[in-house]
Amino acid sequence: MRKLALTLIALTTAAHADNTLLVGDGQIDGSKLQPYELTWRQCSLQDGKWLAGNDLTERLVAIGDGVLRIQQRVQRKDGSMVRSSSYFDRHSFAPLRLEQRIVAADGAELGGAAHSLDDQGYSGHRSRGGETKEVAGAATNAMLHGGAMGLPLATLEYQHEPLVFAASMIGFDATYEVIATWAGKESFEFKGKNVEAWMIDIEWHHVELGDVYPPGPDASGGRYWVVHNPPSGFPYVPRYKTDAYAVEFVAGNCPINR
């Protein structure tokens, strides 16, 4: 599957004269990322109205010189908590291990997952309702983690041509060819100063199914807003939005009042 994904990238690159990014080729440099702990709003579009979801708190830390860890937690309205920890090579942002725990309000374990990745694929387990299942698949550490693509993209310089790379969503056992297009710039006000964000539209090509998710904030592929060198207290990725979902640090679509 990895060979197929890279073959598709090569074909797309040849057809559209796009740039290609390969994890570990030096274009991404995760060592540029500074630790933070910040909270984003989440919301979804239902019947033409944006409805508030659960807030997402994310913490980035460096473990020595070699590993970055992203910890996320979401407190649900029923009192349960979803916690995830994702580990990446600090320099290339290659995904190494992905973990998740779902805990009830009374502390009982509701489910979870753990996956380890190498250059051959991934393996691990998923649990739910007291049952555990061993899993394995084709997603490798040569593909960006589709649930955390904004951060590595924020380390890049502004791209004047579309950028093509491989990504995966292990939760869906899916691999993708992704085409990222830098679509302009937008300024946000933060503590009395303007912060420049770059808009990056994302087009997803599902390798296994052949489905295409078109780019842009009003399409299913979505748009990232990224900040290459944010001030203290401001995130590298202040917003991601599709036609049906948004997660944002700065106000946009998500209701502020609950």
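Here are a few friendly questions and answers about salt bridges in this predicted model. Residues are numbered from 1 along each chain as its sequence is written, and side-chain values use heavy atoms, with hydrogens and water left out. Because the model is predicted, local features need pLDDT of at least 70 and side-chain atom pairs count only at pLDDT 80 or more, while totals for chains, interfaces and linings use all residues.

Q: How many salt bridges does the structure hold?
A: A salt bridge is a side-chain nitrogen of Lys or Arg within 4 Å of a carboxyl oxygen of Asp or Glu. By that rule, the number of salt bridges in the structure is six.

Q: Which residue meets Arg101 in a salt bridge?
A: Arg101 is partly exposed, at 41% relative accessibility (buried is under 20% relative accessible area, exposed over 50%, partly exposed in between, with a 1.4 Å probe and protein chains only). Its side chain comes to 2.3 Å, N to O, from that of its partner. The partner is Glu109.

Q: Are Arg223 and Asp201 buried or exposed?
A: These two form a salt bridge, with the closest N and O atoms 2.6 Å apart. Arg223 is in strand E16 and Asp201 in strand E14, 22 residues apart (strands, E, are DSSP runs of at least two residues, numbered from the N terminus). Both residues are buried.

Q: Which residue forms a salt bridge with Lys241?
A: Lys241 counts as buried because its relative accessibility is 7%. Lys241 lies in strand E17 and its partner in the loop between strands E15 and E16, so the pair ties together parts 23 residues apart in sequence. With the closest N and O atoms 3.2 Å apart, the partner is Asp218.

Note on methods
Helices (H or I, at least four residues) and strands (E, at least two) are DSSP runs, numbered from the N terminus.
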